[in-house]
Amino acid sequence: MRRRRRPAPSVGRPIAAIENGTVTPEELAKLRSRGCLVVRGHFPREQALAWDRDIVDYVEGNQFFDNYRGPGDADSAGLGTHLDPGTLDLWMTTAYQKAFRHLFDGTIEQYDPWDAAHRTSGPQYPGSTMCSAFRTFQGWTALSDMDHDQGVLHTVPIPEAMVYLMLRPLLDDIADDDMCGVTVNQVFPANEKLHPLLLEALSGIPDVKAGDSVWWHADMIHSVAPIVDQQGWGNVMYIPAAPWCPRNEKYAASVLEAFRTGSSPGDFPEEHYERQWSNRFQETDLNDTGRRGLGIN
Ligand SMILES: [Fe+2]
C-alpha cells in the first residue's frame, strides 16, 4: 500500500495561546480526537540553536561518536510503525486490565484514552523497551529546522486506535499463542498486514523550526519516515510530559541516582558514557524545574 501524503493533521498552536489560556474549546476537542500537537515557538529559536551547539560540543568534546557502541543511529533508515506504552503487560497486569476494562466488559464506547486512572502506579514488564514513567504525551523539542520531507515523525492521529490494537490479537484469524507480534523486549509493532485500516491514516508532521515542540498521546502508533537525500541534521531533545504520580516519583528517584554518577538511567542500555566525562552536568547546575523533576526539594 502506498503511504498517503496527506496534509499534516496535527493541531499547531503558538506557545502564547497555551500560556495565556486562549486555546479554544474547539481546539481542545480537536486535540483530544487527534492526540497530537505542534507547539510553535515553545522556546526561542536562538535558545534552541544554542542548546544544539552546546550538546554537539559536549558529545564531540568527549569523543562520543568514537566510543558509541549502541545500535546504529540510522538517520536515514527511518523507524517502522510502532507504539511505546508497553507490551504483554498491557493485557496481563491488573493495573492495565483496569485501565482497559471498557474494552473487555462490553462498554467499549466508554473507553477514554485520556483517562489516566490505573495508569499511574502499576508496574511494567521489565525489558529493554519498557518505559517506567507514566507519560501523558510523548514529546520532543526541535533543535534544528526540519522540513516535512526530511524523515520526520509520522503518527496515526487516533488515540482511540488502542481499542483496535488491543482487541486485534483476540480475533479468529490470529493463533491463540500469537499477540500480533507483541512480546517483551520488543516494541509493540503495528503493520500493514494486521492493521491496514489504521495505517491508512499515517500522516507526517508539518515543517518545524528550532524551538517548536511536538507532542503525541503515548498510546499512538508512530514512525520516523526513511529519507533518501538528507539536508543537514535533524536534532531533537526527547522530553515527554510526565506528571508527578507514584510511578514517576519512583522513576525520578532512580534517575537522580544515575544523574549523580553519570550513569545511564533505568530503561536505557547500560552504556554509562558520561561517568568519565569531567564536564558533565552537575546537581548544582540544575534550575528549579530540573530539581523539581528529579524530586529534590
Ligand atoms: Fe517510539
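**Chat about a predicted model**

Me: How many other C-beta atoms lie within 10 Å of H118?
Reply: H118 has 16 of them, so it is partly exposed. The cut-offs: a residue is buried with 20 or more other C-beta atoms within 10 Å of its own, exposed with 12 or fewer, and partly exposed in between, with C-beta atoms placed from the backbone.

Me: What sort of model and numbering is this?
Reply: It is a predicted model, where local features need pLDDT of at least 70, side-chain atom pairs count only at pLDDT 80 or more, and totals for chains, interfaces and linings use all residues. Residues are numbered from 1 along each chain as its sequence is written.

Me: What pLDDT does the chain average?
Reply: The average is 91, and 94% of the residues score at least 70. pLDDT is the predictor's confidence in each residue, from 0 to 100.

Me: Where does pLDDT stay under 50?
Reply: Over residues 1-10. The model has 19 contacts for that stretch beyond four places in sequence. A contact means two C-beta atoms, placed from the backbone, within 7 Å. Where pLDDT is low, the predicted coordinates should not be read in detail.

Me: Back to H118. Which loop is it in?
Reply: The one between α7 (101-104) and β4 (138-142). Helices (H or I, at least four residues) and strands (E, at least two) are DSSP runs, numbered from the N terminus. H118 is not a glycine, yet its phi is positive, about 75°.

Me: What is the phi of C180?
Reply: Positive, about 60°, and C180 is not a glycine either. C180 sits in the loop between α8 and β6. It has 19 C-beta neighbours inside 10 Å, so it counts as partly exposed.

Me: What is the phi of Q63, after α3?
Reply: Positive again, near 50°. Helix α3 covers residues 45-61, which is 17 residues. From its first C-alpha to its last, α3 reaches 24 Å, close to the 24 Å expected at 1.5 Å a residue. That expected span is 1.5 Å times one less than the number of residues.

Me: New topic. What is the strand order in the open sheet of 5 strands?
Reply: The order is β6-β3-β9-β5-β7, with antiparallel pairing. β6 and β7 (203-204) are the edge strands, each pairing on one side only. Two strands pair if DSSP finds at least two bridges between them.

Me: How many bridges join β3 to β9?
Reply: 2 bridges join β3 (residues 79-83) to β9 (residues 222-224), and the two run antiparallel. H82 is opposite H222. L79 has V224 as its bridge partner in β9.

Me: And how many between β3 and β6?
Reply: Also 2 bridges, with β6 at residues 188-189 and the sense antiparallel. There, L83 faces F188.

Me: Why is β2 largely enclosed?
Reply: Because 4 of the 5 residues of β2 (residues 36-40) are buried. β2 pairs with β8 (residues 213-216) in the antiparallel sense, over 4 bridges. One of the pairs is V39 with S213 in β8.

Me: V156, buried or exposed?
Reply: Buried, because 27 other C-beta atoms lie within 10 Å. V156 is in the loop between β5 (153-155) and α8 (161-167).

Me: What does V156 touch?
Reply: Residues up to four places away in sequence aside, V156 touches A161, L198, L199, A201, L202, M220 and I221. V156 and H82 are 74 residues apart in sequence and 10 Å apart in space, C-alpha to C-alpha.

Me: Now G234. Where is it?
Reply: In the loop between β9 and β10 (236-238). G234 is buried, with 20 other C-beta atoms within 10 Å. Beyond four places in sequence, G234 is in contact with S144, M146, Q150 and G151.

Me: What is the C-alpha to C-alpha separation of G234 and R275?
Reply: 27 Å in space, for 41 residues in sequence.

Me: Last one. How is the chain divided into domains?
Reply: Domain 1 is 11-243 and domain 2 is 244-297. Those bounds come from an automatic or database domain assignment. Their centres, taken over C-alpha atoms, are 22 Å apart.
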